[in-house]
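Here are some quick notes to read alongside the model. Have the viewer open as you go through them.

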Amino acid sequence: MRHATSTFPAGFERCPFAAALPARAQSYPARPVRMVVPFPPGGPVDSFARFYAEAMGKQLGQAVVVENKGGASGALGSLEVKNSPADGYTLLFATASTHALYNLTEPKPRYSAADDFDYIGVLGGAPVAFAVAPSMPKTLKTLVIAAKHNPGKYNYGSPGTGTLMHVAVERFKQLTGAPLMHIPYKGTGPSMQDLMGGATEMAVGTLGVMLPFHRSGRMHIVGVATARRLALAPDIPTIAESADLAAPFEAMLWNVLAAPRGTPAAVKKTLADATRAVMGSPAMAATLGEQGIFADLHIGDAAAAAYVKAETAKWKPVVAQLGTALGQ
């Protein structure tokens, strides 16, 4: 994972906009492509997926239709794609939660991120952020102190057990000793609604999705999981600053396009070439920047698979150390 900085990663803004792909001898895609988002509508993954799908549809000359299939912290949608025909017409807009953490946190996994999927490319991601209700303490240091003085009083909502957001907060609790109680939801949207409705004291999501609510006063972002403050929101401290931690606290919800294992090489190349063109567009760069999403491209099966493998290895000791805190 690259450290988030105050600008897009080096070179991203210089990517030339690739022209539309030339006419192909092969027929793929001859009909609309279905892209499963394994989380409910309204969250950070869904937002990114819809921008990408619209642009990909134009690039491929066939619609890319987003289908939300939430449940089991992204496992249900992932499992459906794993069991679909490997013909390029069913794809998965996967995340760090479904393809780095699932096989680490699930005692009896129903799919293998390494063995059951081919990859089109890693597209980048969004930094994790912690937010509280407007009436709550405005720094994480103060919140930790309050939680320690009132064990069992303060709850936090996450998009689901075993997701990157859940793991990030449990790691934060481990570092600070804050006795925050976990409430899992079926996606970021429902957890934010309960935060703004007063049912929980804190929620974890991504900066881009939470930022409009922060600016409107409906919630207060108390920290972002990056090494430095971001130009997108310079008023928001890093989690390390807000909690007075000695070392940076970093977590990025990255996204990867996956397909069932055995997808033909020609189909994967068509999708990878289209992805390069889409992600190289200045219009896409501007759209992602507004959403707080940072491009970190690893296009092609080998490059994307290597990235997923490295991210899994990075989180493995963290998950092992947390153990029972993640329900294991």
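1. First, the ground rules. This is a predicted model, in which local features need pLDDT of at least 70 and side-chain atom pairs count only at pLDDT 80 or more, while totals for chains, interfaces and linings use all residues. Residues are numbered from 1 along each chain as its sequence is written, and side-chain values use heavy atoms, with hydrogens and water left out.

2. On confidence, the protein chain has a mean pLDDT (the predictor's confidence in each residue, from 0 to 100) of 90, with 91% of its residues at 70 or more. Watch residues 1–25, though: pLDDT stays under 50 there, even if the model has 51 contacts (heavy atoms within 4.5 Å) beyond four places in sequence for them. Where pLDDT is low, the predicted coordinates should not be read in detail.

3. Now the core. Beyond four places in sequence, Met35 touches residues including Ala49, Tyr52, Phe93 and Leu257.

4. Val36 sits in strand E1, residues 33–37. Val36 is buried (under 20% relative accessible area; exposed is over 50%, partly exposed in between; 1.4 Å probe, protein chains only), at 0%. Setting aside neighbours within four places, its contacts include Glu67, Lys69, Val81 and Phe93.

5. Ala272, in helix H9 (residues 265–279), is buried too, with a relative accessible area of 6%. Ala272 and Ile299 are 27 residues apart in sequence, with C-alpha atoms 6.2 Å apart. Beyond four places in sequence, Ala272 is in contact with Ile120, Ile299 and Gly300.

6. Finally, the cavities (on a 1 Å grid over the protein atoms alone, sets of points where a 1.4 Å probe fits but cannot get out; lining residues have an atom within 4 Å of a point). Of its 14 lining residues, the closest to the centre are Phe39, Val45, Pro159, Met165 and Thr188. Helix H1 (residues 44–60) gives the most to this lining, with 3 residues.

Terms used:
1 Å grid on protein atoms, 1.4 Å probe; cavity = no way out; pocket = protein on both sides within 12 Å on 5 of 7 lines; lining within 4 Å. Helix = DSSP H or I, 4+ residues; strand = E, 2+ residues; numbered from the N terminus.
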